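Hi,

Here is the structure I promised to pass on to you. Please open it alongside this email, and my notes follow below it.

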Amino acid sequence: MRSTSALLYLSGVTVSFDGFKALNNLSLLIEPGEMRAIIGPNGAGKTTMMDVITGKTRPDTGEVVFDGQADLTKLDEASIATLGIGRKFQKPTVFENHTVRDNLLLALAGMRSWYRLLTAAPTKAENERLEEILSIIRMGPQQHMLGARLSHGQKQWLEIGMLLAQNPKLMLVDEPVAGMTDVETETTAQVLREVNKSHSVVVVEHDMSFVRALGVKVTVLHEGSTLAEGSLDQVSADPRVVEVYLGR
Ligand SMILES: Nc1ncnc2c1ncn2[C@@H]1O[C@H](COP(=O)(O)OP(=O)(O)OP(=O)(O)O)[C@@H](O)[C@H]1O
Ligand SMILES: [Mg+2]
């Protein structure tokens, strides 16, 4: 296994489904503290890449190294989560019958402690962290609202907050603004920029106005490989990138 200062290092990763290569010799390097946007047409392999990083899918070949030491291809999903890789799926899974605040407290307590949550007051440290997270996700004013009453956007932000509560070293976010209004999309970009002040993030998204608002380095995936990398302006000016997007 290669030693590296990268937070996440993928090299030569290939995943085949019945002979079809969803990932084809994919390489990717994420620096500690970085936020990276991953774009690419439907079927490019973006979600499969997330599945490989989280241990849901085993690559046929290639290296996946986290934090300079752990070979993720040898670990199961639970061990990878414990190492500090958190993933946000597209569909929010907040507890509808609990308030925003209780959803976050539950996430802070590690989801095991319904009993503690119901019987004991949060510690000072938990309260401070709770306030921090509410401020990052901009939901202080909604903290006493029930999950069921939140808008689609608010549910997504709460879920980002619940992921933050677990304090992962790397946060993976797949299509966070799907189904959001323009205003919600803009707010999500601001929330993730705020999250990135303390956490490394890899975010997959089709929405280009969102990717522009993030203002981070972009990797373009196509047919399971990296097609281009750079600022959004740089990759948008790349004729090969224009070709795959126009050719859809
Ligand atoms: N479990 C599976 N079995 C067979 N084929 C799969 C499987 N998972 C993904 N694929 C195929 O692999 C390719 C890459 O899929 P993937 O979901 O990673 O793309 P994506 O970039 O996330 O696309 P989208 O933008 O639509 O979410 C697609 O052609 C898909 O049909
Ligand atoms: Mg996908």
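This is a predicted model: local features need pLDDT of at least 70, side-chain atom pairs count only at pLDDT 80 or more; totals for chains, interfaces and linings use all residues.

**Around strand 7**

Strand 7 has a parallel partner in strand 6 (residues 85-88), with four bridges linking the two. If you want a spot to look at there, find isoleucine 85, which sits opposite leucine 170 of strand 7.

Strand 7 also pairs with strand 8 (residues 200-204), again in the parallel sense, and here there are five bridges. Leucine 172 has valine 202 in strand 8 as its bridge partner. The path from strand 7 to strand 8 involves helix 7 (residues 182-195), and these three elements form a right-handed β-α-β unit.

**Helix 3 against helix 5**

How do helix 3 (residues 100-108) and helix 5 (residues 124-136) cross, and at roughly what angle? Their axes come within 10 Å and cross at roughly 120°. The two helices are therefore oblique to each other, and helix 3 passes helix 5 in a right-handed crossing.

To see the contact in your viewer, select these side by side:

- from helix 3: Arg101, Leu104, Leu105 and Leu108
- from helix 5, which they meet: Glu126, Arg129, Leu130 and Ile133

Happy to go through any of this with you.

Best wishes

Terms used: Residues are numbered from 1 along each chain as its sequence is written. Chains are lettered from A and ligands numbered from 1 in the order in which they are written. Two strands pair if DSSP finds at least two bridges between them. A crossover is right-handed if, with the strands pointing away from the viewer, the path from the first strand over the helix to the second runs clockwise. Axes are lines fitted to C-alpha atoms, for helices over the stretch in contact, and angles run from 0 to 180 degrees between N-to-C directions. Angles under 35 degrees count as roughly parallel, over 145 as roughly antiparallel, 65 to 115 as roughly perpendicular and the rest as oblique. A crossing is left-handed if the near helix is turned anticlockwise from the far one by less than a right angle, and right-handed if clockwise. Two residues are in contact if their C-beta atoms, placed from the backbone, lie within 7 Å.
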